[in-house]
Amino acid sequence: MGFPLFSAPIPMSRHPHPFRAEWAPSIPRELMAGAVATFALIPEVIAFSFVAGVDPAVGLFASFVISIVIAFAGGRPAMVSAAAGSVALVAAPLVHSHGVQYLFAAGVLAGLVQMLFGWLRLGTLMRYVSGSVRTGFVNALAILIFSAQMPHLVGANLATWAAVGAGLVIIYGLPRLTTVVPSPLVSIVVLTLAAQWLNLPLKTVADLGLLPDGLPSFGVPQVPLTWQTLQLIALPALAIAMVGLLESLMTASVVDELTDTPSAKNREATGLGLANVAASFFGGIAGCGMIGQTVSNVRYGGRGRLSTLFAGAFLLVLMVLLKPWVSKVPVAALVAVMVMVSASTFDWGSARALWRHPKLSSVVMLATVVVTVLTDNLAAGVAVGVLLSGVFFTFKVARLIAVQPAEEGGALVYRVSGQVFFASADMLVEAFDIRDIEGRPVRIDLTGTHFWDITAVNALDKVCQRLRKHGSAVEVVGMNAQTRALVSRLDLAIE
């Protein structure tokens, strides 16, 4: 998944205290990594707010609240969660048709659904997402992050392109000299000072939209508490919940691989739900894990919950207390940071190994990327990838069934091996050709096979009935306990 730009070892004791290990293995690294993630959040959160049809303050307040809550309640240390584009896409139609208050109500309901998901321990469903889908998810998101920067570059003046180029030189060049301070922070400070000193014609953060004027305040969504309201927000809330869960759990899996540490997926689901409920009550849009900002946080030393907490707190400080200074940051400086995030997020090894990997795995990965990029919807891409993975797996397993006939003591013995289920049941039936048997006694040996579902045992029953109908005495042997229990439950006269 690319090479880390910041690889200095994080100073830790040989046996760190559990609290320190989870929260702040190295406080300076955590704070600086969180600051990098914060600057990476600003342009995307503002852009996603416009996608959803809400003021930038709605997205920024949400990102602050979600980051603070998820730092304590989430199941993946060092993961950054905030207002996300995938959720904004799902939420936009509700905002356009009924207004922002219904969005807040849907956010509360979505959070409750996510909490229920975690309490029911459904986070284990991530085990069924194949490695090819996860790689496709990461690559597609890297492409989306890069393409999101294009509106800032297409048709831009020479100063903008020069600033982006200078920012990338600093980001990639500074680590060769020192790794004391994250190079993206240095790039942002240097470009901001240069733009002010030279009076460069560069678009600034202030040009992206109005920044908040104060702190977020608590408030209940102003919607009627009626059955009709529930009907209006139910489907959007379910969509927000599922998209948010999918992106957060996938992002958690990516961090697991980057840090070689496990995460509590069910706790992450519950924590995300709690964060979204809180964000909605404080006038924010629901959100989820942000893979680009998370990768940026991890690349620059973030390993504990402190980096997540600081990313949210620093965002509020920048937006409210340091608003006059932040508003002068050139957008080109933030674009340079996001280009770096995109490049480090993309799994370049998967592109080089595309032709070496099994073709079906490569198809799944490419389909996930293509659908995600075309629809601008991570959930759609992952859904297609999971579906194709299931279909291809079923196809491969179904072909493993084998029926070997042999003649022993005047009887025909059919030895069945492999897995028999709905996809391979017809192959079992087709293996018995009545014209070749001609009423001879038949023994079906199931020692090397397992019947998984009703379709499978019904296929075996169909074979037995057909053979007996044509005058063959049928004996079924070698049936394991699970298959026999299924046959008994269906009350089939197979043995």
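1. The lining of the largest cavity is made up, by class, of five nonpolar, two polar and three charged residues. This is a predicted model, and the points below should be read with that in mind. The residues that line the largest cavity are I70, A71, G74, R76, P77, A78, M79, E268, R305 and T308, and the elements that contribute two or more residues to this lining are α3 (56-73) and α13 (305-321). The volume of the largest cavity comes to about 50 Å³, and the structure holds one cavity of 30 Å³ or more.

2. R76, one of the residues lining the largest cavity, also takes part in a salt bridge, in which its side chain meets that of D256 at 2.7 Å, N to O. Because D256 belongs to helix α10 (residues 227-259) while R76 sits in the loop between α3 and β1 (81-82), the pair ties together parts of the chain that are 180 residues apart in sequence. As for accessibility, R76 has a relative accessible area of 6% and is therefore buried, and D256, with a relative accessible area of 14%, is likewise buried because the cut-off for that class is under 20%.

3. In total, the structure holds 10 salt bridges, and side chains of opposite charge can pair in this way when their charged atoms come close. A further example is the bridge between the side chains of E407 and R440, with an N to O distance of 2.7 Å. This pair links distant parts of the chain, with E407 in strand β3 (residues 402-408) and R440 in the loop between α20 (434-437) and β5 (442-451), 33 residues apart. The two partners fall into separate accessibility classes: E407 counts as exposed, at 55% relative accessibility, whereas R440 counts as partly exposed, at 26%.

4. The side chains of E475 and R443 also meet in a salt bridge, at 3.5 Å, N to O. Since E475 lies in strand β6 (residues 474-477) and R443 in strand β5, this pair ties together parts that are 32 residues apart in sequence. E475 is partly exposed, with a relative accessible area of 41%, and R443 counts as partly exposed too, at 27% relative accessibility. Both residues belong to one network, in which salt bridges that share partners join E408, R415, R443, D445 and E475.

5. A separate site that deserves a comment is T368, which has its place in helix α17 (residues 359-375). At 0% relative accessibility, T368 counts as buried. When its neighbours within four places in sequence are left aside, the residues in contact with T368 are V133, G136, F137, A140, G381, V382 and G385.

6. On the overall layout, the domain assignment of the protein chain gives domain 1, comprising 20-217 + 224-347, and domain 2, comprising 400-490. The C-alpha centres of domain 1 and domain 2 lie 56 Å apart.

Technical notes. Residues are numbered from 1 along each chain as its sequence is written. This is a predicted model: local features need pLDDT of at least 70, side-chain atom pairs count only at pLDDT 80 or more; totals for chains, interfaces and linings use all residues. Side-chain values use heavy atoms; hydrogens and water are left out. On a 1 Å grid over the protein atoms alone, a cavity is a set of points where a 1.4 Å probe fits but cannot get out, and a pocket is an open set with protein on both sides within 12 Å along at least five of seven lines; lining residues have an atom within 4 Å of a point. Grid points are joined across faces, edges and corners, and a volume is the space filled by probe spheres set on the points. Helices (H or I, at least four residues) and strands (E, at least two) are DSSP runs, numbered from the N terminus. Ala, Val, Leu, Ile, Met, Phe, Trp, Tyr, Cys and Pro count as nonpolar, Asp, Glu, Lys and Arg as charged, and the others, Gly among them, as polar. Buried means under 20% relative accessible area, exposed over 50%, partly exposed in between (1.4 Å probe, protein chains only). Contact means heavy atoms within 4.5 Å. A salt bridge is a side-chain nitrogen of Lys or Arg within 4 Å of a carboxyl oxygen of Asp or Glu. Domain bounds come from an automatic or database domain assignment.
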